[in-house]
Amino acid sequence: MKRTLWHNLNLCPEGDPGSTIDDAAIAVENGKIAWLGARAHVPHEITQWPREDLHGTWVTPGLIDCHTHLVYGGQRADEFAQRLAGVSYEEIARQGGGIVSTVRATRAADEASLFAQSAARLEALLADGVTAIEIKSGYGLDLPTERKMLRVARALGERYPVTVRTTFLGAHALPPEFTGRADDYIDEVCNRMLPALADEGLVDAVDVFCERIGFTLAQSERVFEAAAQRGIAVKMHAEQLSNSGGAALAARYRGLSADHLEFLDEAGVAAMKQAGTVAVLLPGAYYFIRETRLPPLELLRRYEVPIAISTDSNPGTSPVTSLLLMMNMATTLFRMTVPEVLQGVTRHAARAFGDEQRHGTLAAGRPADFAVWPVQSLAELAYWFGRPLCARVVRGGETVFERRLNA
């Protein structure tokens, strides 16, 4: 039986800077939190446990990156250069670039190569305080490659100290071999790919890119129906480039989240509120493709829709491996507050992640997964960018990452 009393720390147990405990302690027994609270109130029977002094640092729940495309082959720097020269993202996609170019590179890579490329990106996120991450497929667009991607995602969770949940995004783009036959490809997704991958235990959720350059509302609903028949949770890339009603569709199927949302309208917001669907905002993609239309923050606040923040780490529109940078961008670009963005990478991200019982907050009985920050104020997590801030990551009560930093 392993017991540790982590003490001399300031605690933000629910990711809310307005609800903190100064001079706190966390008692951990066999990987789970046995008790937490003010150090002056540590129960007598715990006071003799082995101690770990955190020297007045701040402790938050481990961060959650709830929307990533972390597993892929190659990169798309040349397309980035095209966009700098004035070519739009949609034009590049219609010319055979965009998602399809990454599909070619991912199909060509073997599992070992995909793992090595993806692991480097994951390691950067773990050093940022991340203890849980969602990883989507969607760069295979055929059964063998989608399987390969999801197997690599599972392997990352086995080899690294992080919880990985996998999302099948077969309906990400139309593969070249199905040009002009989108409905036939949706048949393939629903009737062959999803059943096979789900039976192999590789699918925790299902996602669809519902957009003019993606799939129609009707095609998206067919995928959701196939997921519902198997009891699999759904989420949606919605309202990124236009308002197609994708968020409302996700809400109708009790989706975990609707993501991007720059063109979301009030009807979609109301539907998400009623369904409990989380709004996942992705400032990296907004910044990288030079979007100018802001997500409807005031509507989301008015309807009290939970808002999560994520990296959308992907090669085409958000080649990002820092969740802290996304917190900064969410404050500067979207005008979100520090409490909003911190909850957006903890408790609200846990809902979008699909595992709020284990992640997103610190409480007795939950896993002892937390991040240690040598800062004077939690606002610093959104204030600094380009500077490493996380001093230690603890998962299951064990230190899995440590770095010396000056406060």
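A residue is called buried when its relative accessible area is under 20%, exposed when over 50%, and partly exposed in between, using a 1.4 Å probe and protein chains only. By that rule Cys210, at 0% relative accessibility, counts as buried. This is a predicted model, in which local features need pLDDT of at least 70 and side-chain atom pairs count only at pLDDT 80 or more, while totals for chains, interfaces and linings use all residues. Residues are numbered from 1 along each chain as its sequence is written, and side-chain values use heavy atoms, without hydrogens and water.

Cys12 is buried too, with 0% relative accessibility. A disulfide is a pair of cysteine sulfur atoms within 2.5 Å, and a search of the whole structure finds zero of them. For Cys210, the closest cysteine sulfur is in Cys190, 13 Å away and too far for a bond. For Cys12, the closest is in Cys390, at 14 Å, again too far.

Next comes the interior. A nonpolar core is a set of buried Ala, Val, Leu, Ile, Met, Phe, Trp, Tyr and Cys residues joined through side-chain atoms within 4.5 Å. The largest one has 98 residues, and Ile133, Leu156, Leu261, Met336 and Trp373 have the most contacts inside it. Domain 1 (3–61 + 360–402) and domain 2 (63–353) both contribute residues, so this core lies between them; the domain bounds come from an automatic or database domain assignment.

Contact means heavy atoms within 4.5 Å. Beyond its neighbours within four places in sequence, Met336 is in contact with residues including Leu281, Arg301, Ala330 and Val341. A second, separate core has 14 residues, among them Ile33, Leu362, Ala368 and Val394.
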